[in-house]
Amino acid sequence: MIEDKLLVFQSKRGSREALTRIYEKYKRDLLLLAMGLLNDKTAAEDVVHDVFLSFVRNLDHFRLTGSLKGYLLTCTANHARNWNKAERVRGSAGRVGSAHRFPSNGEQEGGHSPPCEGAGRALVEEPLETLVCNEQLELLSNALAGLPFEQRQIVMLHEHGRMTFHAIARSMQISTNTAKSRYRYGIDKLRVTLNGEVTKCNQQTT
Amino acid sequence: MQPADDIRRLIHQSQITSSEQADRRILADALADLEKRRVSSTAHPGVWRIVMHSKAIQFAAAAVVVLAVLLGLQFVGTSGVTFAQAIQPILSANTAILDIVVGVEDPNTPVIRDMIVGSRIRRTVDNIEGSVSIIDLESSRILSLTEKTKEAVYVDLKGLPSIPNYLDHLKNVFIKLQDSPHFEIQGLGTKQIDGRAAVGFLARHPNAEITLWADAKTGLPVRIEQKEGRMLVICKNLQFDVPMDEALFSMEVPKGYSEQKMEMDLFGSTEADFIEGLRIRAEIFGDGRFPDGVGVEDFMRSIEAMQGKGEKLGLPKEQEAELGMKMNRHLLFIRFFRGEGKWYYRGQGVQLGEAEAPIFWYRPKDSASYRVIYGDLHVEDVAPENLPEPLDPDDVAEVTIGYQQWSKPDFVGTQEDYWMILPEGKARVKAYVTLLKGPTGVSSMPVALPYPSAPLEAVLLDREPLTFQQTGEGTYNVELPLDKLAAGPVKLLFQWHVSLSDLPREGDTIKTVLKSLIPVTSYALKVGVDPGSSFELTKEPEGLWVTPFTGGAPKGPVTTFGSCGLMIRARQ
């Protein structure tokens, strides 16, 4: 906390090292949140990029009153929501899904039918991919993609960002009870969607 | 267990790793914005003013370190000459003394004097008085001594390739060139060098050009001019097997000297480092203007002026060290340039902050677009046709040869395998096969996977799935869209997962057979490790990957390249 205050202060004074340190410290949290919310590596990277630029541009007026991580996570969720809205508009205009999105179960790259029986998941990344996700994140992202964005946002901010329902509710301008109920709905749907995959995955990694 | 606990665990086990490429993009833009903010702001003192009010600086030490790093590796991985009489003294020498000039030889260009014994070099530079560096290539360490201030700085170099002996490398250069079928020698006749007749030879190789002048009477080499990339290095006043006092090469700090230590990663330099160096050179050493050039030779010529400027400024020790480190990283970007083709610098006379003036552009490896740096140090991705100037005629992009049909029955290509070690003890294999040739009219391509127990999961061409059918244990037929192949994209992506427990082991080393899917003319294996896996790489990766194997098939396409270790070990 004190370190974050110092880093923000130094960044305001133009310290490249301090800004780099902030990025290095929180990039994984932000990328993971963005990936969980958008299920698209390119978009996740773009969102974190925009969050950082926006953070720098608003440094003059920025006052750290709570947790820097919480602030950046909320910004990431907001940017992701905007991206998601824009994507829906683009999608309704006939755009084909992003190339970097993980296909859901049974779904293949770009919406094509499976290449052959038993072909399993398609693969989408380039050899020098900019972001690498482990299989748990692939599983999680695919499952989260089935939830409404608001539920995804609350599940991820609460579970991944360790934010309280009160803080989430305040950032989303909703009541704490609404945040809690959206979280419950989200978790229930995830349980149905994952349908034993989580346990299987946990067994493999423990 | 509650479902929320399972999902919570899944979230906590989820991991994402960004590559240097992603970090660079995000950070470079954020830092450029920070810079804009800083330049436009009048509320806070800038670095320039902080520097102006600081105490004395000794830029010399930092500069000598830079030179040691930039030139210590001068002959690594390059080529040489072949006229037995002239090179014999070099091949048989145990010690040497030589002068080095980088770039054009004129009174403004500093001369570096190297004394070489085994893996140690004692280096002085004539425009940096009172400073000497002892470079120990064996331990990758430099001891830089400044007599005036009685300061000693140890610099530990990280990321150095193995260099057993500096002089041996020069020897290797000559021997390798002699053995190369592409090597050509041309006689240059006789001319006077330093008052004596010398016979000249020009040795040409596709990657290098070396001119060697030898004494016409004794046959001893007197001058070597080596062109490596865009850098010309001249070695002159050569003396071999001169007795030298071992104490001159001691890595011990002399009595009465203060001691400092620093580390330098030679392969960690990024575009952001280069840009930061441009800022420093303009803001601190250039009175707000960018330097005339950014090549190593330009830096060499400006050392004296920078040193003078540095002394006037005055800096606390910490800032001096930081500045030196930043300049090193700036120069390393150019010295070990890893982009495709050439870089272009047009910053001469441009004022820092001129947002419309492009000052530097280059094409990163595997990128279709160029990175263009502007006078306010923001960076844009620009298509080749929109560059500020046409490319140099000799800066030709590598031509991609498309798929061709031929009368032979085989499919032929090249293959690169990317193995990602996953947490559950498996490797996800993505094999990229670039198809070069195939039999006329045949669209069904047989492939054989290296491990029958690891079945093929998917095949993609240009991100679209292809149909395939299993024909036997580990063998498949893939249906190729010939019209699409003929139109351009020829890179096929195959994916399968293989269990690490199915792979052969040799002690603690996990190995794999090197077997391509179809006959290939070259094969490479790259390995990366998921952060959640219980393995780690045994070698520093380049980006995400290490390359345990890369090889060609000069006698014709083959499918087997032996076996090799995966360069992974249990996480420690």
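Trainee: Where is B:R346 placed in chain B?

Mentor: B:R346 sits in the loop between strands β14 (340-345) and β15 (358-363) of chain B, where strands (E, at least two residues) and helices (H or I, at least four) are DSSP runs numbered from the N terminus. This is a predicted model, in which local features need pLDDT of at least 70, side-chain atom pairs count only at pLDDT 80 or more, and totals for chains, interfaces and linings use all residues. Residues are numbered from 1 along each chain as its sequence is written, chains are lettered from A and ligands numbered from 1 in the order in which they are written, and side-chain values use heavy atoms, with hydrogens and water left out.

Trainee: Why is B:R346 called partly exposed?

Mentor: Its relative accessible area is 34%. Buried means under 20%, exposed means over 50%, and partly exposed lies in between (1.4 Å probe, protein chains only). B:R346 is therefore partly exposed.

Trainee: Which residues does B:R346 contact beyond its neighbours within four places in sequence?

Mentor: B:R346 is in contact (heavy atoms within 4.5 Å) with B:P358, B:I359, B:W361 and B:E389. Its C-alpha atom is separated by 9.6 Å from that of B:V294, 52 residues apart along the chain.

Trainee: What makes B:R329 partly exposed?

Mentor: A relative accessible area of 22% places B:R329 in the partly exposed class. B:R329 belongs to helix α9 (residues 317-335) of chain B. The C-alpha atoms of B:R329 and B:S269 are 5.3 Å apart, although 60 residues separate the two along the chain.

Trainee: How do you know that A:R16 counts as buried?

Mentor: The relative accessibility of A:R16 is 12%, so A:R16 counts as buried. A:R16 is part of helix α2 of chain A and touches B:L31, B:L34, B:E35, B:A272 and B:E276, residues up to four places away in sequence being left out.

Trainee: Why is α2(A) called oblique to α3(A)?

Mentor: Helix α2 (residues 16-38) and helix α3 (residues 41-57) of chain A pack at about 140°, with their axes 9 Å apart. Angles under 35 degrees count as roughly parallel, over 145 as roughly antiparallel, 65 to 115 as roughly perpendicular and the rest as oblique. The angle therefore makes α2(A) oblique to α3(A). Residues making the contact include A:L19, A:I22 and A:Y23 of α2(A) and A:K41, A:A43 and A:E45 of α3(A). The residues of this contact comprise 15 nonpolar, no polar and two charged.

Trainee: What makes α2(A) and α5(A) oblique to each other?

Mentor: α2(A) and helix α5 (residues 135-144) of chain A pack at about 45°, with their axes 7 Å apart. The pair is therefore oblique as well. A:L32, A:M35 and A:G36 of α2(A) meet A:L137, A:S141 and A:L144 of α5(A). That contact divides into four nonpolar residues, two polar and no charged.

Trainee: Why is α5(A) described as mostly covered?

Mentor: Ten of the ten residues of α5(A) are buried, among them A:E135, A:Q136 and A:N142.

Trainee: How many of the residues of chain A count as buried, as a percentage?

Mentor: Of its 206 residues, 52% count as buried. Chain A has nine helices and one strand, and its elements run α-α-α-α-β-α-α-α-α-α from the N terminus.

Definitions and conventions: Axes fitted to C-alpha atoms, helices over the stretch in contact; angles between N-to-C directions. Nonpolar A, V, L, I, M, F, W, Y, C, P; charged D, E, K, R; others polar.
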